[in-house]
Amino acid sequence: MYVCLCTGVTDGQIRDAIYEGCCSYKEVRQATGVASQCGKCACLAKEVVRETLTKLQSAQSAIPYSVEFTAA
Ligand code: FES
């Protein structure tokens with residue numbers, strides 16, 4: 001589903017950005033451009049980020065490497 005209509009960012013793209021290394025809403029915003037225009041989607045975008053990070057943290061013990069690296 002579309003989270004940001006201004007930039008056409010979907011919840012899937014936000015999740016991908018996190019799986020690719022973004023560790024915060026700020027990093028996701030920089031990587032995807034979400035909420036960079038009117039800003040109306042910021043709440044929803046933050047929610048998707050928070051939800052995904054929480055899921056990732058609970059699954060992290062199964063990941064054999066650190067997810068702490070900077071996204072391009
Ligand atoms: S809907 Fe995301 S910046 Fe406007």
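Tutor: Begin with one residue, and bear in mind that this is a predicted model. Is aspartate 11 buried or exposed?

Student: Its relative accessibility is 14%. Buried means under 20%. Because 14% falls under that cut-off, aspartate 11 counts as buried.

Tutor: Which helix holds aspartate 11, and which residues does aspartate 11 touch beyond four places in sequence?

Student: Aspartate 11 has its place in helix α1. Leaving out residues up to four places away in sequence, its contacts are Met1, Val3 and Val48.

Student: Aspartate 11 is on the list for valine 3, as valine 3 is on the list for aspartate 11. With residues up to four places away not counted, valine 3 touches Val9, Thr10, Asp11, Ile14, Val34, Cys41, Leu44, Ala45 and Val48.

Tutor: Val9 is on that list. Why does valine 9 count as buried?

Student: Valine 9 lies in strand β2, residues 9–10. The cut-off for buried is under 20% relative accessible area. Valine 9 counts as buried because its relative accessibility is 2%.

Tutor: How far apart in space are valine 9 and valine 34, C-alpha to C-alpha?

Student: In sequence the two are 25 residues apart. Val34 is also among the residues that valine 9 touches. From C-alpha to C-alpha, the distance is 6.0 Å.

Tutor: Now the largest nonpolar core. How many residues does it have, and which have the most contacts inside it?

Student: The largest nonpolar core has 18 residues. Those with the most contacts inside it are Val3, Ile14, Ile18, Val28, Val34 and Val49.

Tutor: Which element gives the most to this core?

Student: At least two residues of the core come from each of β1 (2–4), α1 (11–19), α2 (25–32) and α3 (42–59). With six residues, the element that gives the most is α3.

Tutor: What pattern does the protein follow along the sequence?

Student: The protein has three helices and two strands. Read along the sequence, they follow the pattern β-β-α-α-α.

Tutor: Last, consider the whole protein. What share of its contacts with a separation of 6 or more joins residues 24 or more positions apart?

Student: The protein has 72 residues, and buried residues make up 33% of them. Among contacts with a separation of 6 or more, the share from residues 24 or more positions apart is 57%.

Definitions and conventions
Residues numbered from 1 in each chain as written. Predicted model: local features only at pLDDT ≥ 70, side-chain atom pairs only at ≥ 80, totals over all residues. Heavy atoms only, no water. Core = buried A, V, L, I, M, F, W, Y, C linked by side-chain atoms within 4.5 Å. Buried < 20%, exposed > 50% of the residue type's maximum accessible area, 1.4 Å probe, protein only. Contact = heavy atoms within 4.5 Å.
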